[in-house]
Amino acid sequence: RVGQRDPLRRMVSLRLQKRLASSVLKCGKGKVWLDPNEINEISMANSRQNIRKLVKDGYVIKKPVTIHSRSRVHRKNAAKRKGRHMGIGKRRGTANARLPSKIIWVRRQRVLRRLLHKYRESKKIDKHLYHSLYLKCKGNVFKNKRTLIEFIHKAKAEKAREKSLNDQAEARRNKSRAARERRAARLEEKRGTTSEKVEDTPQDAPAAPAGEGEKKKKSKAKKAAA
């Protein structure tokens, strides 16, 4: 009759077997392969134990994982690391979105503070210079490690220069103080010798007051003129 199928050509439903096989094989139903040549034997399996036997016989198989190659992605990333495919036309975000200024700031501060810590531990700078330089780094004075090292060298040279100048000034002060003390000692010694001489000399007649000799000379001259 029209509309009726031949019962021999009718397809057997294997939904139950697929479900049980996916549970046994621990995969999805799409990954289960049933041997089309053993449909009758597979359709008779209605338990997990029967499915395990079919799996052991090779009538039910778990399909292999579909290969999704990432070799092209690895090749593209390697080129990007060299700077390819990174031009103006490939950039979508702003400069600050692609590399935030805060991240740049944090990286720079860590570099500078690490250098300061290393210099302090190796006794290249003392704790006072370390503290002042730490605050200068925080105040955005140094843009990189090279400028910080140059500033440290200049600061140490200036400190050594000030120390030498202070030492020279102190030496001059000590020298002048010693000279003053020697001069005072010589004057004291001279005063002592003069006082001893005055005590040893005899007392003479009192000398005439100044001006009387001149008056006598003038009076004699007037008499001679008269």
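The model is predicted: local features need pLDDT of at least 70, side-chain atom pairs count only at pLDDT 80 or more, and totals for chains, interfaces and linings use all residues. Residues are numbered from 1 along each chain as its sequence is written, and side-chain values use heavy atoms, without hydrogens and water.

**Salt bridges**

A salt bridge here is a side-chain nitrogen of Lys or Arg within 4 Å of a carboxyl oxygen of Asp or Glu. The count is six. Among them are these:

| Pair | Closest N and O atoms |
|---|---|
| Glu158 and Arg161 | 3.3 Å |
| Asp167 and Lys163 | 3.5 Å |

Glu158 and Arg161 are three residues apart in helix H8 (residues 145–200), about one helical turn. Arg173 and Glu170 also sit three residues apart in helix H8. Asp167 and Lys163 lie four residues apart in helix H8, about one turn. Helices are DSSP runs (H or I, at least four residues), numbered from the N terminus.

Buried means under 20% relative accessible area, exposed over 50%, and partly exposed in between (1.4 Å probe, protein chains only). Lys163 is exposed at 54%. Glu158 is partly exposed at 37%, as is Arg161 at 47%.

**Nonpolar patch**

Leu99, Ile103 and Ile104 form a nonpolar surface patch, with about 240 Å² of accessible area together. Patches take residues with over 30% relative accessible area and no salt bridge, joining like charges within 9 Å and nonpolar side chains (Val, Leu, Ile, Met, Phe, Trp, Tyr) within 5 Å. Areas follow the Shrake-Rupley method with a 1.4 Å probe; for residues, only the protein chains shown count as cover. Ile104 lies in helix H6 (residues 101–121) and is partly exposed at 43%.

Methods. Helices (H or I, at least four residues) and strands (E, at least two) are DSSP runs, numbered from the N terminus.
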